[in-house]
Amino acid sequence: MEAISAEEMILDDLITTFQRLFGLNVIETTSIKRGWLNLKWKVTTEAGEFLLKQYNKERYKLFNPEELLFAFTQQIRLHDQGLACPRLLSRNERILLESDNGELFMVMEYCQGILIPPGKTNARQIYDLGRATGKMHRLLNDGTLGIKNSPQFIPPSRQERLAHWSLVREKTREAGKPQLLADIETQMKATEEMDMDILDFLQAGWAHRDLWVDNLLFNDNGLRAILDFDRLKYDYPQLDVARAVISCALDDHLDVSQASAFMEGYSEERNVAEGYLTYSLQLLWYMESTWWIHANMNQHSIPPARFAKEMIWLAENQKNLPALLGGVCKPKRTIP
């Protein structure tokens with residue numbers, strides 16, 4: 001008799017609880033191998049298809065439960081106002097449910113669509129993503145949620161960041177990985193040359209904060225859904241813009257026509273000043289570079305390796321971004 005895997009035991013537990021809470025009979029299940037630690041399944045019932053998302057106990061410790069529930073309520077609000085994102089189901093006013101065996105999970109409608117590899121969206125897809133991102137930012141920052149005293153990311157000083165890179169360089173040398181030093185030196189040089197005045201152009205607000213290709217579903221002609229709002233917080237909406245553009249438009253080089261298509265869609269929903277995308281990409285690099293560039297980056301799995309590639313490209317091209325993107329996002333009209 002074959003041993004039942006831990007994943008199968010969790011699925012059986014979730015299905016039992018799901019059927020009891022929602023009165024639906026599960027006909028078929030399909031495992032979805034995406035994301036880090038959390039388990040997901042598409043379940044087919046007589047009432048349609050749903051997605052069960054189990055929250056891994058170790059990963060859940062990284063979240064503030066109140067902030068996570070707040071993110072869920074905003075996803076519901078965004079869906080109700082027409083944003084392309086999954087509808088979350090609740091039971092007895094609870095969105096995050098607990099199974100009979102103590103597993104935390106949530107239920108949402110299953111969204112059809114395809115995943116696009118990084119750098120491979122077409123103009124219609126990225127334009128539609130830009131428009132949806134602009135709509136999401138407009139709704140999140142319409143005054144309903146108010147503002148906070150400070151955003152999630154507080155940019156460090158140049159001196160603090162240079163001290164960080166010096167430490168990373170030393171650790172890399174001690175680890176005997178000279179092949180990584182050139183990329184770390186690139187980060188140091190970009191930090192030394194960065195125009196710190198760009199930080200004055202930042203505008204804090206509510207944002208998704210995880211807007212990359214693994215959290216996006218497309219069809220051939222546009223966006224089907226924005227997924228995974230777990231990290232939604234008060235930060236910089238520009239980080240969403242930059243993350244979406246670098247994820248969707250950077251292949252061997254940044255496709256400026258793709259970046260322009262995104263910003264064209266985005267500017268239909270929100271006012272943007274000239275240079276908006278340039279500042280956004282520089283901010284993204286300043287925040288994320290320390291996450292992905294370090295002495296152990298040669299051990300990256302596929303997603304972190306992609307993020308490291310983006311950070312290296314941004315550091316190498318930081319001085320060129322204004323010229324490269326000079327024609328992108330020139331103000332065209334006023335949007336109320």
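Okay, let's start with α3 and α4, which cross in a right-handed way; that is, the near helix is turned clockwise from the far one by less than a right angle. Before going on: this is a predicted model, where local features need pLDDT of at least 70 and side-chain atom pairs count only at pLDDT 80 or more, while totals for chains, interfaces and linings use all residues. Residues are numbered from 1 along each chain as its sequence is written, and side-chain values use heavy atoms, without hydrogens and water.

Back to our pair. Helix α3 (residues 65-80) packs on helix α4 (residues 123-140) at about 115 degrees, their axes 11 Å apart. Helices here are DSSP runs of H or I, at least four residues, numbered from the N terminus. Axes are lines fitted to C-alpha atoms over the stretch in contact, with angles from 0 to 180 degrees between N-to-C directions. Who meets whom? Q74, R77 and L78 in α3 meet M136, L139 and L140 in α4, contact being heavy atoms within 4.5 Å.

Next, the core. The largest nonpolar core has 73 residues, and F262, M263, L277 and L314 touch the most other members. Its largest share, 9 residues, comes from helix α9 (residues 276-292). By nonpolar core I mean buried Ala, Val, Leu, Ile, Met, Phe, Trp, Tyr and Cys joined through side-chain atoms within 4.5 Å, where buried is under 20% relative accessible area with a 1.4 Å probe, protein chains only. Apart from that core lies another, of 18 residues, including L14, F18, F22 and F105.

Technical notes: Buried < 20%, exposed > 50% of the residue type's maximum accessible area, 1.4 Å probe, protein only. Helix = DSSP H or I, 4+ residues; strand = E, 2+ residues; numbered from the N terminus.
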